[in-house]
Every structure is written in structure tokens, then in C-alpha cells.
Amino acid sequence: MKRTQRRYRRQGAADNQKEFEMQTNEEQLDTLERLIEEVRALTYEAVYSHHRDFLSIQLYGHDPLDEIATLNDKYDIARTSASDTLSSENLERLDIVGRALRAVVRLARAHASLKEVDDQILHGDVAVAASSIAEATTLLLELEDDVPRLIDLDPLQILQSQNIKKRAALKSELDYLMDQMYRVSGSSDVYELTVSYCIMSNYDDVPYENPVTLSDLFFALTELGMDKEKADSLISLLTDRWLTPLLRNPHDSLSVSRTKLFATMSIGAFSASNTSSKQKAMSLQVAAMSRLDMEQHCATLREKWEMVLGFVRDEMFHEVNVEEDHSDLFAYIGGQLWTTLWPIVREELLVPLVPADIDDISDTQCMAPLMELEEIWLNTGLITADSMFVRESIRSLLQTYVSKRRYDLLTTVATILASEDANTVTVGGEGPVIDLLCEYSSGGKKEEKGSQKAAKGFTMGEDDDGGSLAFMRCSISVQAQTLVEFARETIEFTRTGDEKTAALYFHAVRDAFTLYRCLVPCRWATELLVDPKRAFVMHNDCEFICHHLSTLGYRLRDHWPPTLKASATFIDLIAAYRVLARSSLTPMLNRVRDQITQALGSWTEPYWLSSKLGNVDCDIGALAGEAAGDLDDAENNLTVACGTIGQVSHVSSAHLSRDMHLKVLGILCDVVIVHVAQRLEETKTASDSATRELVRLVGPVLSLEGRFTSTALNGRKAPVAKFSHEWDRLQAEIRRLNNISAQRAHEDIEVLQGPTFKH
């Protein structure tokens, strides 16, 4: 729409023009400099008088553009008559006048545009108002570079403030028009979209002089840069209330009615606000259809979608030539609609039509209904040939088949990982499940059953300390075993020569390992804190997965496409699983350590034991009353604490690997040993019977040494000090007490053998 050109009066008389032409160059420059100052002041006064609180009756309504036009004519005359003999100083003066004149022209035009906006909105000329605001915005942006050299800051700030206010007023009017022209009403059963072709009055019911049409609305929205914002709301409305529900249930009733003033499209028996369970049930119903039923489904959907898309083109863009006027907005709406719907079409229509057998992929007849469905989008002009997603998917049907299989595989893995199955299986070492490096020799060939030959370092014998490359014997969950089996089976499909297919299978394996880290820790969050078995098994799962990640795909790298071979790896996933392994054990071990510390009772109090012994020569058997009871309680506390360690040790020895079991046992034993050793160190001297009683008192702690029996077949014991850092400290105190006991016994013997005793 072209804006009506303003007509400016020319007030310069012909004799004045001739008089200006007869002046010399110097006189013309002086006249221009005087006139530019007058015009600048006149423009300032026009801005101040129109937009400030006070009004000047004499100046209000005066248009400075007439004087500016006259001045511009004189400037052109001076510029034309300027000869080459004009001095550089005068040329600079003339150039300054030209720049000042252009700045004043911009300021006056911006003022003239903004002062008319209110009347334009009131009369219904929203397209003209939007054009005025857009023009004023451009002029004001250009004027920012002329402040303060050519114009003052105050009038510019006044116009900028007015521009913001006028834009806000027009935006509010356009919001009202948008709501009136596209009205949505509905309940749980029926939704209606009513498109009004024109609006007669504003929100105060004041009639417009010129009714607002859809074309006026689109032009105004585009001028203000609001077209994409409003289009997005229409796209969301059409997708959620009409297109997506029809995709899942094309038998919903759909009707379109038209009058001279408006058109209505209604849909019944389905609402986008239905529960997610109902939507899921309908999606599953579509996925379970046979090929014939799917073809009928697509045919019915095509008819309904054709009605909706025709309504969009003919009614929502009523009397608008979408090929010429507002073609960008129409293309944007169509492209966004199809782009939003395509993932749902692909998941619920395309993927179910993909043949289950890879040998039937060459038969594309099953995709004909979807191709016809896409054709209606192309025929209505809502999409172009570059957006034919269905055709592109059919051309790469092999990748679509792999994507479908990847989705099915990951769904199966997610179901298994989220199951309630708490069973475990023993792997590693001499167990039934051997890792890749155990199963294959260094040459990459599988060893024959019963063969005694094995790659060096790839198996673990009975004297192995855990330094080999074989995974040590422990218990893992059925879920982790299933995950690794899935990964090893799926990675075999990457042998294909097709690069995209191999990459899809490769990423399916990576996604499966990501699913484990997402689902399993959340599923067993409570049990990991209170159940040692679950924490140990979770730790073993992570270590087992890390072990296989380090070798997964090693044998197949030579068969991978070059791009996949250069970048594909699983090594980067190991760090996350190491962190998960530590985090699965740490909370449980901290809780058990707190229980042990609480069970120790008085053993955690400094100088408690030495204060109870009192006199160093006192026989501990002579203690009675409260002191004797405290020693009995201390013995019971040690028994309970060591019993807690024994319970956890029993579980860890059954599920953890040998080294990990001993490490856990050493950590828990140190909690008791550090307090017992400290109390013994505080007891400097004691009688023979007291030292013997002290050794007996800490007997439950000394018996923990038996827990360090190795799980190897030879039954030998592990070095306790290797895993319990406080063990040597305790042994040193026991030896000291034994030495005190032996010394006191020797002294008693010497006393008995002395002459005083014989007399």
C-alpha cells in the first residue's frame, strides 16, 4: 500500500528568488546561514508547542516544511552557481549549511509524521499510522549522529519519547484488531476459529472512518516488525487445536462456514487440552495400525488437512494475493507449520510405515499416502520444494529404517533399565562372562573352547593381584549385563559400508550408555543410601561398563567408514562412569562410618580410658561399681561396632571384587582402630593384670584381621596394613602393652624370689 504523498506549499515569491540569484556567492552564503538558523528555530518551536504541556496559539499547527522547502530551493541555487573559484573556506561553509539543512529536514519530517499518528489510529488508518511510525523511527535514528553539532538534543529526545508512545498506542490497537479478526472460542468438545474480514470500530466502540481489513492489519504488523510474533501465535493455535488432533484422529468432525463478513472453522470431539494419557493412547493406536489401515488413515487425514490449509490460504488471508502481497508472511506461516508438524508426522506416520525387514526397503509404495499428504502443502503454496521432508526421508529410507530400529532398541533398553529386577550375576575372573580382551587373543581371533593358550595378561589366575587386563570377579546387575550385551550386538551393525547408517548405530550405543546414567541412579536413589548390596552392585556396574567402554568397537574399527573411524570413540564416557561409581559408594560408606562412630560411644572421648584406670598400680580386677560398668559398656560398644563392620564385610565379600572388598573393609576398620589406638596411647603405664585386661578388651578389634582373608582359592591372607592405614599403629600399642605386662610379671617374680619374702 502506497502512502498518500503530502503536498507542501511553496511560499517564496518569484521576485525573491530572482533577488537571491542576483546576489554574490558571499551574500548567498550569509543568507543561507541566516535562514537555516531561522528554520531550525521554527522547527524547534513546532516540536515544543505540539508535544509539551503549554501551547502557543500562534505557532501551533504551523508546518515548518514550507519554509524548509523554500530554503532547500535556495540552497540548490547556491550550490549550482558555486564556481570553481569559490574559496575552500566558503566551500566548507556551504557544506555545513547543507548538512544542517538535511538534519533539520529529518527533524521536521519526523515531527510531521508523529503528530498525525493519533488521528490515523482513530480513523482506522492503521497501515498509514504504521508507515508514519516506521518513517519517523528511521529519521530519528539518522539524527542521533547529528547531535549536538547540527541540532539540539532536547527536541530529538521529545520526538523519541513521542515515537515510543505512538508505537505503544498502535501496538495496543493492533493487538485488539488481531484478537477481533482471529477469535477462538471453545469448550472441551468443540473449538471454533472465526476470521473477520474487516473491523468497523475500535475497542471503545467508536466507529472507524475507514474499516480495517486483513491486508491493512498485515501491512501494519510488518511495518512494526510484529508480523512474526503474531504469526507464531496463529501457528501454535492451528497446530495444537486443529492439525495435530486431526493427525491422530482424522475422523474428528471438521466444518467450515463462510459469510460476506467472516468465516468459521470448527473441530469437535477433540481438544489439545486432553490428558497426556489420552494422547499417548491415540499415538499407540496409530502405531499399531496395519498397512491398509494406515493408508486409510492418511487418506482421511489428507482430506481434513486440505480443508484446514485451504481455510488458512483463502480465509485467514482473505482477498490477499499471497504470491505478491505479504508473500513472506504467508511462506513463514506455512514453513513453521510444516516444520512443527514434521517430527510428529515422522514419528507417528512415517516410522510405522517403514518395513520391518531390511530386504523390503526398496518397496516405497507404502509411502505413497504420506507423499500425497505432503502434496497438499505444496499445492496450497505453504511450503516449497526445498521443504519436502517426506520425499527426503524416502530417499534415505535406509537411514529411516536404522533410526526406527535405534528407537526400538533404546526403548527396550530403557524398559529393562527401569525394571524392578534386583537380581545379580557374577562376571569377570573365571566367571561365565569374560570381557573382550579375555575372550579374544591379541591377534583378534577367538580362542577355541578348551584351549589352554591365552594372551599374556588377559586372564587372571589364582595368584593374580588384580594388575591384569581381565575384569576382576564380582557381581553386577542384570540391567548392566543386558546393557553391555546390547552394546556389543548393536556395534556389530556398524560394519555396514554406509557412513550414515554406521553413525546411527554407533550413536545408538552411546545413547544406551547415557540412558543407564540417567535412569538407574534415579531408580535406586533411596536404596543406594541404605542398602550396601545395592551400592556395591551399582559400583560394580559402573566399573564393568568402564571396562567394556575401553575396548568396545576395537575389533571393528578397520570395518568402519573413514569419518566414523577418525572420530568415533567411547573413551570419553569413562570419566562420567568413574564419577558415578564413586558417588554410588560414598554416601553409603559415610552413613556406615557414622553408625560405627556412634556405636563406639566412650571410645571417642579423649583420655576416657586412662581416667578409668586411675592408679597405675591398681589391679583392674579391683575396680568396682561405676568404673567396672563403664569398662563392660566399652567392651560391648567395641563388639557392636565390629559387628557392624562384619555385616558390611559379609555383603562386600559376596559382591565386590577382592581388591575393592579389602579397600572398603580397611576404610571401615580404620574408623574403629584410630579411636582405640588413641585411647591406648593415652594409657602410659598400668599393672600386669590391667594390661592383660586391656588386650582382652580390644580383642574384637584384633579379630578384624580375620576379615582380610583373601577371596582367592588358596585362602591366603592379604596384608592388613596395605588396606588399613591405622593397623600398624594399633599393633605397636598392643606390643607396648604386652611388654609392660611382661616387665611387671618379671618384677613380681623377682619380688617373690627376694630375701624378704623367704624370711
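This tour moves through a predicted model, with selections given by residue number.

**Helix H2.** Begin with helix H2, residues 25-51, and show the side chains of Arg34 and Glu38. These two side chains form a salt bridge, with an N to O distance of 3.4 Å. Because Arg34 and Glu38 lie 4 residues apart in H2, about one helical turn separates them. Side chains of opposite charge can pair when their charged atoms come close. The count of salt bridges in the model comes to 22.

**Helices H4 and H7.** Next, select residues 88-115 for helix H4 and residues 153-181 for helix H7. Their axes come within 10 Å and cross at roughly 30°. At that angle H4 is therefore roughly parallel to H7, since angles under 35 degrees count as such. The crossing of H4 past H7 is left-handed. To see the contact, display Leu107, Ala110, His111 and Leu114 on the H4 side; they meet Pro155, Leu159, Gln162, Asn163 and Lys166 of H7.

Step back to the loop between helix H6 (126-143) and H7, where Pro148 is found. The peptide bond joining Val147 and Pro148 is cis, with omega about -5°.

Move on to Asp205, in the loop between strand E3 (198-201) and strand E4 (207-213). Then select Met200, Leu261 and Phe262, which make a nonpolar surface patch of about 290 Å². Of these residues, Leu261 sits in the loop between strand E5 (254-258) and strand E6 (262-268).

**Helices H9 and H12.** Which helix does H9 pass in a right-handed crossing? The partner is H12. Select residues 227-248 for H9 and residues 327-353 for H12; the two helices pack at an angle of about 35°, and their axes are 9 Å apart. Residues of H9 in this contact include Ala231, Ile235, Leu238, Leu243 and Leu247. On the H12 side, the contact residues include Leu329, Tyr332, Ile333, Leu337, Leu341, Ile344 and Val345.

**Helices H18 and H20.** Finish with residues 499-523, helix H18, and residues 532-549, helix H20. These helices pack at an angle of about 175°, with their axes 12 Å apart. H18 is therefore roughly antiparallel to H20. Show Phe513, Tyr516, Val520 and Pro521 of H18 together with Met538, Asp541, Ile545 and Leu549 of H20, the residues that make the contact.

Note on methods
Residues are numbered from 1 along each chain as its sequence is written. This is a predicted model: local features need pLDDT of at least 70, side-chain atom pairs count only at pLDDT 80 or more; totals for chains, interfaces and linings use all residues. Side-chain values use heavy atoms; hydrogens and water are left out. Patches are made of residues with over 30% relative accessible area and no salt bridge: like charges are joined within 9 Å, nonpolar side chains (Val, Leu, Ile, Met, Phe, Trp, Tyr) within 5 Å. Accessible areas come from the Shrake-Rupley method with a 1.4 Å probe; for residues, only the protein chains shown count as cover. A salt bridge is a side-chain nitrogen of Lys or Arg within 4 Å of a carboxyl oxygen of Asp or Glu. Axes are lines fitted to C-alpha atoms, for helices over the stretch in contact, and angles run from 0 to 180 degrees between N-to-C directions. Angles under 35 degrees count as roughly parallel, over 145 as roughly antiparallel, 65 to 115 as roughly perpendicular and the rest as oblique. A crossing is left-handed if the near helix is turned anticlockwise from the far one by less than a right angle, and right-handed if clockwise. Contact means heavy atoms within 4.5 Å.
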